[in-house]
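I opened the notebook with the sequence and the coordinates side by side. My entries below follow the order in which I looked things up.

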Amino acid sequence: MGRVLLTVGRLAEKPYYIEKIGRNVYSVEELCYSLVQSAQFLDAWILDPALLSWLEKECGLPELAAALSPYLGKKDALSEFVTTLLNYTGYIPQEKQRQTRRIVQAGEGLEEWESRLARADYLRESGRYSASESEYQAVLEGLPETERSLRARALRGLGISECSRFLFALAAERFFAAWKLTEEKEDYFRFLAATRLSMQPEEYVSFATSHPEAYDCSMELEKKMEELKASYAGTPGGRQLERLRRFLEEDRTYSFESELLMVVHDLKERYREDAQTAW
């Protein structure tokens, strides 16, 4: 049986909009969840008088608003503000609260660009790819050319996001640009992987043979690809794809369509489960 959660205050008629993560929250529990999920880039923007007003008037929590009020305008008060909020509601488990406090303390005082990159990473990891890419692009446009490490990080994040949307050719350009800044093997490996996924097999073979400097990394990539294929083949999804391939080869149209409907059904169920557990 799951943990019983007691709500604090009431459901707000008007939401509080957390601009930095682009989310409306309608209860103090949703607020706590959102802050925990975005702990790595919380900054002074959350020390907002409008938030306290919302907690008092919309959520019916004047005591909480009063407890948080002393932290407004104070330097290095962010971790105490968040800790007080989480403790008051009791919605977040104690271990998660301690972890959140450590993350917030580590991030206090981050420079603007590091904070914005952390926000872009959070948006990407949350599956909000368009929003994350806009943030990465804004960072790249604003960062000085001399900030090579941060520019590489933004390019890398942008490429990963584009891979998630199957924009492999575009992602390859990002990874290559990141590698030019860092000369790190991992960035070059990502470049080759995205390039391989953007091409037909014969195209990639031609590309690889025309770039002898990529030989060692390319061999490593092929080994990794074979390992991934082998590990996926034994999963339910891998077995489903194998059945679909066999039905097509054998021209078993009815079996193919039936199996495909099962795949779509499974994807829908997984989406519903993800949506339910997101809050």
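Which side chain does serine 34 join in a polar contact? Bearing in mind that this is a predicted model, I found that the side chain of serine 34 is joined to that of arginine 23 by a polar contact of 3.2 Å.

Next I turned to a pair of helices. I noted that the axes of H10 (residues 185–198) and H12 (residues 215–233) come within 10 Å and cross at roughly 65°, and that this crossing is right-handed. On the H10 side I listed contact residues including Tyr188, Phe189, Leu192 and Arg196, and on the H12 side residues including Cys217, Glu220, Leu221 and Met225. Sorted by class, the contact of H10 with H12 has eight nonpolar, one polar and five charged residues.

Last, I checked the confidence. The protein averages a pLDDT of 85, and 91% of the residues score at least 70. Among the elements, helix H9 (residues 168–182) has the highest mean pLDDT, 96, whereas helix H14 (residues 253–277) has the lowest, 70. I marked residues 1–6, where the pLDDT is below 50 and the model has five contacts beyond near neighbours in sequence. I also marked residues 275–279, where pLDDT stays under 50 and the model has seven contacts beyond four places in sequence.

Terms used. Residues are numbered from 1 along each chain as its sequence is written. This is a predicted model: local features need pLDDT of at least 70, side-chain atom pairs count only at pLDDT 80 or more; totals for chains, interfaces and linings use all residues. Side-chain values use heavy atoms; hydrogens and water are left out. Axes are lines fitted to C-alpha atoms, for helices over the stretch in contact, and angles run from 0 to 180 degrees between N-to-C directions. Helices (H or I, at least four residues) and strands (E, at least two) are DSSP runs, numbered from the N terminus. A crossing is left-handed if the near helix is turned anticlockwise from the far one by less than a right angle, and right-handed if clockwise. Contact means heavy atoms within 4.5 Å. Ala, Val, Leu, Ile, Met, Phe, Trp, Tyr, Cys and Pro count as nonpolar, Asp, Glu, Lys and Arg as charged, and the others, Gly among them, as polar. pLDDT is the predictor's confidence in each residue, from 0 to 100. A polar contact is a pair of N or O atoms within 3.5 Å; within protein, one must be able to donate a hydrogen and the other to accept it, and residues adjacent in sequence count only if both atoms are side-chain atoms.
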